[in-house]
Amino acid sequence: VASVQAALPIEQWRTAEGAKVLFVETRGLPMLDVAVDFPAGASYDPAGKGGAATLTMRLMRLGAGGLGEDEISERFASVGAQLSGRFDMDRAGYAVRTLSSARERDESVVLLAKILQQPAFDPDVFEREKARGLAGLKEMDTKPEAIVDREFKRLIYGSHPYGQRGLGEVATVERLTRADVQAFYRTHYVADRAVVAIIGDLSRDDARALAARLTAGLGRASRALRGPAPVPALGAATTSRLPHPATQAHILIGQPGITRNDPDYFALWLGNYVLGGGGFASRLNEEIRQKRGFAYSAHSYFNPLQAAGPFQIGLQTRREQADEALAVARETLTRFVAEGTTEQELSAA
């Protein structure tokens with residue numbers, strides 16, 4: 001049987017400071033994408049200081065290297081570059097998309113380096129963003145989708161760090177100080193834990209120089225990194241019903257799923273496409289939306305993380321038909337686990 005190799009030709013090396021670099025040279029367009037990630041996601045929040053990781057990352061782009069937030073935005077805009085953030089339970093970082101011509105590329109790299117290496121954490125900006133975050137959390141705590149998501153994480157993860165809300169809680173964010181944010185930055189945004197990904201119109205030599213420029217001014221880790229602990233298996237199925245005046249019932253079903261390096265990742269990804277990841281073509285949509293009109297849509301997904309990330313089925317329906325919709329979702333999942341896909345579904349997926 002002939003196999004198909006679709007992998008990109010990824011070159012790898014480490015900078016003098018220990019950062020891992022992944023590089024793909026592609027000359028099709030005069031564009032360059034650069035991303036720098038760190039193990040600095042929400043699961044690394046110190047005990048009692050939930051929200052520290054989120055606030056740290058948010059503040060980094062709001063003043064750095066002697067530039068204010070408006071100046072940073074204006075200078076990126078002047079060369080047509082796009083800055084974006086990347087954040088989850090495990091990792092955090094920033095990415096830039098820019099033209100590969102020398103002026104645009106160099107200005108974008110200079111600005112990204114300032115954000116990564118010289119964040120100001122201005123006291124006034126800190127207080128403003130902390131207040132903004134608290135206001136957002138208080139509003140979220142009134143919304144059924146946020147309430148059910150927090151309960152879902154609590155049920156499947158318990159006291160594991162993945163069970164906490166990435167934005168923190170009102171009580172934990174209220175306690176955060178500027179010193180907490182500075183300490184989190186010094187601990188987690190270090191060169192020897194960084195991963196630099198570069199793809200685009202650039203030579204290997206120029207990519208080496210670019211990666212060195214982005215990591216040379218970072219600190220070094222003072223101790224070995226402890227990743228998230230393994231996620232304990234659930235002992236038994238649990239159902240939680242939360243009262244809310246909303247006319248729509250929000251339903252989530254799930255359990256701890258898989259890690260990023262699970263050997264069954266691609267098989268599960270393809271199978272879940274049939275179950276609930278394939279939009280209107282999926283079984284959940286067919287049973288819940290098409291046949292019964294219980295919901296506009298129903299979804300399922302795996303979110304692989306360093307430890308077992310969640311597997312989740314979700315839908316919204318009228319309160320008075322929530323029990324029926326839940327029963328259909330459970331029946332569809334049970335049948336899918338027992339029987340798997342049909343040949344026709346697998347081929348189409």
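A: Start with one term. Buried means under 20% relative accessible area. Keep in mind that this is a predicted model.

Q: Which residues of helix 9 are buried?
A: Gly271, Asn272, Val274, Leu275 and Gly276 are the buried residues of helix 9.

Q: What do the buried residues of helix 9 pack against?
A: Contact means heavy atoms within 4.5 Å. Here the partners are helix 10 (283-290), strand 10 (298-302), strand 11 (310-318), helix 11 (322-339) and helix 12 (343-348).

Q: How far apart are the end C-alpha atoms of helix 9?
A: Compare the span with that of a straight helix, at 1.5 Å a residue. Helix 9 covers residues 265-277, which is 13 residues. A straight helix would reach 18 Å, but the ends of helix 9 are only 14 Å apart.

Q: Where does helix 9 bend?
A: Look at glycine 271. Helix 9 bends there by about 30°. Gly271 is also one of the buried residues of this helix. Just after helix 9, glycine 279 takes a positive phi of about 65°.

Q: How do the axes of helix 1 and helix 7 cross?
A: Angles of 65 to 115 degrees count as roughly perpendicular. The axes of helix 1 (residues 52-60) and helix 7 (residues 178-188) cross at roughly 85° and come within 9 Å. That angle makes helix 1 roughly perpendicular to helix 7. Helix 1 makes the contact with Ala52, Ala53, Leu55, Thr56, Leu59 and Met60. Helix 7 brings Val181, Phe184 and Tyr185.

Q: Is helix 1 enclosed or exposed?
A: Count its buried residues. Eight of the nine are buried, so helix 1 is largely enclosed by the rest of the structure. Among the buried ones are Thr54 and Met57. The cover includes strand 4 (63-64), strand 6 (82-87), strand 7 (92-99), helix 3 (102-117), helix 4 (123-140) and helix 7.

Q: Is tyrosine 44 buried or exposed?
A: Tyrosine 44 has a relative accessible area of 11%, so it is buried. Tyrosine 44 is found in the loop between strand 3 (31-38) and helix 1. Residues that tyrosine 44 touches include Pro39, Asp90, Phe184, His188 and Gln306.

Q: Which residues touch the most other members of the largest nonpolar core?
A: A nonpolar core joins buried residues such as Ala, Leu and Tyr through side-chain atoms within 4.5 Å. The largest one here has 55 residues, and Leu112, Tyr189, Ile198 and Leu214 touch the most other members. Apart from that core lies another, of 19 residues, among them Ala295, Ile313, Ala325 and Leu326.

Note on methods. Residues are numbered from 1 along each chain as its sequence is written. This is a predicted model: local features need pLDDT of at least 70, side-chain atom pairs count only at pLDDT 80 or more; totals for chains, interfaces and linings use all residues. Side-chain values use heavy atoms; hydrogens and water are left out. Buried means under 20% relative accessible area, exposed over 50%, partly exposed in between (1.4 Å probe, protein chains only). Helices (H or I, at least four residues) and strands (E, at least two) are DSSP runs, numbered from the N terminus. The expected span of a helix is 1.5 Å times one less than its number of residues. The bend at a residue is the angle between axes fitted to the seven residues ending there and the seven starting there. Axes are lines fitted to C-alpha atoms, for helices over the stretch in contact, and angles run from 0 to 180 degrees between N-to-C directions. Angles under 35 degrees count as roughly parallel, over 145 as roughly antiparallel, 65 to 115 as roughly perpendicular and the rest as oblique. Lists of a residue's contacts leave out its neighbours within four places in sequence.
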